[in-house]
2 protein chains.
Amino acid sequence: MPTHFKGTKKEIETLNAFIKMTRASESINNRLSRNLAESCQKLTLSQFGVLEALLHVGSSNQKELGAKLLKTGGNITMVIDNLEKRNYVKRETDPNDRRASIVSLTDEGKEFISNYFPSHVEKIVEEFSVLTPEELKELGRLCKKVGMKENN
Amino acid sequence: MPTHFKGTKKEIETLNAFIKMTRASESINNRLSRNLAESCQKLTLSQFGVLEALLHVGSSNQKELGAKLLKTGGNITMVIDNLEKRNYVKRETDPNDRRASIVSLTDEGKEFISNYFPSHVEKIVEEFSVLTPEELKELGRLCKKVGMKENN
DNA sequence: AATCGTTTGTTTAATACTAAACAAATAGTA
DNA sequence: TACTATTTGTTTAGTATTAAACAAACGATT
């Protein structure tokens with residue numbers, strides 16, 4: 001899907017790489033999102049991201065979750081609200097800093113995410129199975145280089 | 001930002017590549033989005049995407065726009081609504097198929113997008129300037145390969 | 001012409017997401 | 001101790017986004 005833009009060779013090549021990267025990322029994430037929405041639990045990708053983060057790092061305040069997921073504070077408030085309604089996570093005021101909420105998984109949340117996560121990984125492995133191990137590594141290296149300009 | 005997931009080597013390497021690709025794509029698009037929001041016109045990335053598509057392919061019905069932007073029909077309805085309010089695009093009923101709306105740029109919309117687009121490209125070129133021309137090409141190739149599984 | 005299945009776009013309800021304004025707690029400093 | 005600036009989270013208003021239900025138009029067959 002090349003652009004119709006008339007520019008220098010460098011501009012056109014950059015635009016093509018950018019479009020391909022954006023489309024690859026969006027189409028894979030769209031498919032993963034659809035899987036999640038169709039799963040028994042009907043979660044969104046953001047909700048899943050919070051559960052996954054909490055599973056692997058224990059607990060976290062909302063500021064940290066926002067930084068990890070590249071989302072704003074107001075958004076995190078709502079995602080946590082919705083996960084709390086389902087009884088997947090709980091908020092506790094940090095005794096050392098009463099501004100902060102420590103968010104952690106409930107038993108129910110932990111049970112769900114630890115059971116579901118492997119099949120999510122399976123889907124991702126399937127998506128990337130068209131690449132050789134070397135290509136996979138190179139893709140990771142290049143994306144890291146590009147994404148590194150500074151965080152967010 | 002490696003994952004804490006305990007899995008096979010292949011799973012971990014795939015997950016790392018996936019996370020890097022997603023983060024690179026999202027952080028670049030976040031920055032572009034912020035630029036657009038701060039520009040005199042306060043556009044969103046989706047609105048911009050529609051204007052850009054219309055600039056380069058002339059006009060299009062909503063179905064085609066949805067396919068191009070990987071978005072659903074209901075979403076396109078709203079994005080076009082908002083662009084219409086600003087008088088950047090117009091809808092006309094397709095005389096050959098009265099179900100379809102032909103969307104095209106107004107003079108005002110065309111003037112804006114054709115003036116703004118080059119600086120948008122400039123931002124993107126800047127983002128990718130850390131890559132050599134060969135790396136850029138390879139990134140494009142790998143992303144295309146991964147994104148190709150089938151559309152959306 | 002009547003009918004059936006499809007296609008295009010809209011509406012609705014729910015969640016995501018942002019920026020901006022805000023409140024409460026904190027930390028530093030005078 | 002009081003003042004000030006910062007930080008954490010919430011709220012609000014507006015747009016994005018989806019899935020699902022829907023209406024109107026289309027096309028093909030009968």
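At what angle do the axes of helix α6 of chain A and helix α6 of chain B cross? The views below are of a predicted model, in which local features need pLDDT of at least 70, side-chain atom pairs count only at pLDDT 80 or more, and totals for chains, interfaces and linings use all residues. Residues are numbered from 1 along each chain as its sequence is written, and chains are lettered from A and ligands numbered from 1 in the order in which they are written.

**View 1. Crossing of α6(A) and α6(B).** The two helices, residues 133-147 in each chain, have axes that come within 10 Å and cross at roughly 120°. That makes α6(A) oblique to α6(B) (angles under 35 degrees count as roughly parallel, over 145 as roughly antiparallel, 65 to 115 as roughly perpendicular and the rest as oblique). Axes are lines fitted to C-alpha atoms, for helices over the stretch in contact, and angles run from 0 to 180 degrees between N-to-C directions. Helices (H or I, at least four residues) and strands (E, at least two) are DSSP runs, numbered from the N terminus.

**View 2. Residues of the contact between α6(A) and α6(B).** A:E135, A:E138, A:L139 and A:L142 meet B:E135, B:E138, B:L139 and B:L142 (contact: C-beta atoms, placed from the backbone, within 7 Å).

**View 3. Three-stranded open sheet of chain B.** The strand order is β1-β3-β2, with antiparallel pairing (strands pair if DSSP finds at least two bridges between them). β1 (60-61) and β2 (89-93) of chain B are the edge strands, each pairing on one side only. Two bridges join β1(B) to β3(B), residues 101-105, and B:S60 stands opposite B:V103.

Definitions and conventions:
Two residues are in contact if their C-beta atoms, placed from the backbone, lie within 7 Å.
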